[in-house]
Each structure stands twice: as C-alpha cells, then as structure tokens.
Amino acid sequence: MARKRVLLVDGNNILHQSFHKFEKLKSTDGKPSGAIFGFFKSLHMYIDRFQPDDVYITFDNGHSPLRDKLLPEYKEHRQNISYDRESLFAQKAVIMKILRMLRIKYLFDKNNSTGFEGDDLLAYLYFKKINKECLVTIVSTDKDFNQLLTTDRVKIFNPRKEEYVRQTNCESLFGYTPYETVDFLSLVGDSSDDIPGFPGIGPVKARKFLDKWHSIAKYLELNADDKMREVYERNKQLIDLKWFVDNHKLDLDKVLKTYTRRKINYEKFREVCIEYSFNSFMTDIFIEPFKKLLK
C-alpha cells in the first residue's frame with residue numbers, strides 16, 4: 001500500500017516572493033494582483049509536481065509575542081524594509097478567500113492570540129497531527145526547517161534555488177546535520193531573524209565546536225560556562241521548533257480552516273478570477289490538480 005503524501009507549504013514565504021516578483025501586476029481596473037497571481041501559479045505547480053494526497057498551507061500574522069519577550073530585537077530589521085504593506089495584506093486576504101473556494105486547508109492565527117508564527121504552525125502539524133508513516137514535502141526557503149529532516153520520509157523543496165534538502169545532503173549544503181541545526185544556529189546566530197549567536201563564533205568555529213563536543217548540552221555538562229548557557233537557553237527557545245510546539249499549547253481548531261463540503265466553489269472562484277483578470281486560472285488545466293485533491 002502506497003504511503004500518503006503530504007505537502008506542507010510555508011505560505012508567507014511564497015506570498016512575499018510572489019509580491020515582490022509580480023509587484024507591478026494589476027487587474028484591468030487597477031487593483032494590485034501580483035501576490036495573488038504568483039501565489040496560485042506557484043501552488044498549482046507544487047501540487048502538480050508533487051501529486052500530494054493532502055495539502056496544508058501556513059501563514060504568519062506578525063511576530064510571536066513569546067519570542068519578542070525573549071529577545072526584543074527579534075526580526076527587528078524587517079520593520080525597516082520598505083514595501084506597500086497595505087497592498088500585501090489586502091492580497092493575502094484574497095489569497096485565503098480563494099483557498100476557501102478551492103477547499104485547500106490552511107492555518108492562520110487571525111488574532112495573533114496563540115503566540116505561534118507560521119513556521120511553528122507547520123511544525124505543529126508535522127509533530128502533532130501528521131501520521132509518522134506519511135511522506136512529507138515542505139516547500140520553503142527557510143533553513144529552520146532543516147531540523148525536521150531527521151528521517152528520510154521528509155524533504156524540503158527550496159523554490160528559490162530549485163533545490164531539494166534531505167537528511168542525506170543537509171550537511172553538505174549547510175555545514176551541519178539536521179540534528180545539529182538548533183545548536184549550530186544557536187552558536188552562530190541567525191541574521192535573518194536578528195538572533196545573535198555566541199560572541200566570536202562563526203560557521204568555522206561552530207563546526208569545530210560541534211565536532212569536538214557533539215552538542216552544546218554535552219559541552220555544558222562538563223563546563224561551567226554561564227555565558228554559553230545563557231545564549232543557548234535563549235536561542236533554543238527562539239529556534240527549536242520541537243521545543244516550541246511541546247512547550248506552548250495550541251488549539252488547532254482555532255487556526256485550521258477545514259471544509260465539510262469537499263467541492264470547489266466554481267461560481268465564486270470565477271467571479272474573483274474575473275475581478276482580478278486571472279483568465280488563465282479559469283481553465284481545466286489550472287483547476288485539475290485542485291480537483292484531484294478532493295477525490
């Protein structure tokens with residue numbers, strides 16, 4: 001019996017890529033539509049490519065207040081990036097509306113009440129909901145997901161590089177194994193999230209440290225290093241997805257959109273396609289992969 005194939009999509013990751021790639025695209029009456037167009041063009045391609053039996057898409061809704069409390073500078077630089085946030089959020093709302101029409105499951109903490117970011121929601125699905133026998137493909141450019149590659153059932157597809165990351169090639173691509181992801185990033189820090197590492201340790205020294213001690217925890221068992229312990233305990237809470245979902249409760253029903261009626265709402269879908277001038281979406285070729293998911 002074939003094992004179930006599950007596709008987990010980092011929705012915000014694709015949303016932002018699409019928004020910037022197609023930022024000049026508008027409907028015939030001038031409404032910005034690039035993020036919507038790029039998102040569904042990509043999603044159609046992934047579903048057609050990976051032929052999943054089930055799909056979940058996760059979205060962020062701002063920073064986790066739990067992480068902001070740990071590190072006030074968390075993701076601070078992103079606030080200074082200039083882009084039309086109003087347009088992005090408006091198109092994001094339309095994307096979720098279309099997902100409902102197509103009956104695609106997604107997770108979104110609308111009121112930002114759980115403290116979970118999109119990555120945490122995806123990790124929660126992986127650790128708490130998806131059967132361990134399933135074959136899982138994660139679509140994202142986020143290296144934090146490397147920590148989920150502790151089995152050959154899971155692979156990550158990086159759409160920016162058209163590259164697969166697996167348990168077997170993670171170290172050759174990044175310099176650390178899936179099991180070492182949290183420790184390596186805790187040591188060197190993560191500039192994309194403004195998480196500082198241990199002072200004076202870069203990738204080369206981090207590699208030597210892990211080759212010698214195997215883990216930060218083992219090092220701390222044998223060394224009274226309060227500074228290292230302080231950095232590690234903070235960064236583990238910021239980076240370790242398994243730790244986060246095990247230590248913070250989530251009511252999945254509050255954030256997961258599911259459907260009792262497994263049938264595409266063609267009428268509403270056609271209306272929104274006309275409104276945003278998505279003529280290519282109103283074709284059998286575009287709709288077919290979404291229909292197959294509902295069989």
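Ser-18 is buried, at 3% relative accessibility (buried means under 20% relative accessible area, exposed over 50%, and partly exposed in between, with a 1.4 Å probe and protein chains only). This is a predicted model, in which local features need pLDDT of at least 70 and side-chain atom pairs count only at pLDDT 80 or more, while totals for chains, interfaces and linings use all residues. Residues are numbered from 1 along each chain as its sequence is written, and side-chain values use heavy atoms, with hydrogens and water left out.

Ser-18 belongs to helix 1, residues 11–21 (helices are DSSP runs of H or I with at least four residues, strands are runs of E with at least two, and both are numbered from the N terminus). Leaving out residues up to four places away in sequence, Ser-18 touches Gly-34, Ala-35, Gly-38, Phe-39 and Ser-42 (contact means heavy atoms within 4.5 Å). Two of the residues that Ser-18 touches, Gly-34 and Ala-35, return below in the contact of helix 2 with helix 4.

Helix 1 and helix 4 have axes that come within 11 Å and cross at roughly 125° (axes are lines fitted to C-alpha atoms, for helices over the stretch in contact, and angles run from 0 to 180 degrees between N-to-C directions). Helix 1 is therefore oblique to helix 4 (under 35 degrees is roughly parallel, over 145 roughly antiparallel, 65 to 115 roughly perpendicular, and the rest oblique). Their crossing is right-handed (the near helix is turned clockwise from the far one by less than a right angle; anticlockwise is left-handed). Helix 1 brings Asn-12, Leu-15, His-16 and Phe-19 to the contact, and helix 4 brings Ser-87, Leu-88, Gln-91, Lys-92 and Ile-95. By class, there are four nonpolar, four polar and one charged residues in the contact of helix 1 with helix 4 (Ala, Val, Leu, Ile, Met, Phe, Trp, Tyr, Cys and Pro are nonpolar, Asp, Glu, Lys and Arg charged, and the others, Gly among them, polar).

Helix 2 (residues 34–50) packs on helix 4 (residues 85–102) at an angle of about 40°, with the axes 8 Å apart. Helix 2 is thus oblique to helix 4, and the crossing is right-handed. On helix 2 the contact is made by Gly-34, Ala-35, Ile-36, Phe-39, Phe-40 and Leu-43, and on helix 4 by Gln-91, Val-94, Ile-95, Ile-98, Leu-99 and Leu-102. The contact of helix 2 with helix 4 holds ten nonpolar, two polar and no charged residues.

Helix 13 (residues 266–275) lies with its axis 9 Å from that of helix 4, at an angle of about 150°. Helix 4 and helix 13 are therefore roughly antiparallel to each other, and their crossing is left-handed. Val-94, Lys-97, Ile-98, Met-101 and Leu-102 of helix 4 meet Lys-268, Phe-269 and Val-272 of helix 13. The residues of the contact of helix 4 with helix 13 comprise six nonpolar, no polar and two charged.

## Two nonpolar cores

The largest nonpolar core has 51 residues (a core is a set of buried Ala, Val, Leu, Ile, Met, Phe, Trp, Tyr and Cys residues joined through side-chain atoms within 4.5 Å). The residues with the most contacts inside this core are Leu-8, Leu-107, Val-136, Ile-138, Leu-187, Phe-209 and Met-228. Helix 5 (residues 118–129) gives the largest share, six residues. Another core, of 43 residues, lies apart from this one and includes Ile-95, Leu-99, Tyr-106 and Phe-286. Ile-95 and Leu-99 are also part of the contact of helix 2 with helix 4.

Beyond its neighbours within four places in sequence, Val-136 is in contact with Val-6, Leu-8, Tyr-126, Ile-130, Arg-153, Val-154 and Lys-155.

## Helix 7

Helix 7 (residues 181–188) is largely enclosed by the rest of the structure, because seven of its eight residues are buried. The buried residues are Thr-181, Val-182, Asp-183, Phe-184, Leu-185, Ser-186 and Leu-187. They pack against strand 7 (189–190), helix 8 (203–213), helix 9 (216–222) and helix 10 (226–239). Just after helix 7, Gly-189 has a positive phi of about 85°.

Phe-50 is in helix 2 and is buried, at a relative accessible area of 12%. Not counting residues up to four places away in sequence, Phe-50 touches Arg-5, Leu-7, Thr-137, Val-139, Lys-155, Phe-157 and Tyr-164. Phe-37 is 13 residues from Phe-50 along the chain, and their C-alpha atoms are 20 Å apart.

Asp-60 sits in the loop between strand 2 (54–59) and helix 3 (65–70). Asp-60 is buried, at 16% relative accessibility. With residues up to four places away in sequence left out, Asp-60 touches Asn-12, Lys-75, Lys-92, Phe-108, Glu-117, Gly-118 and Asp-119.
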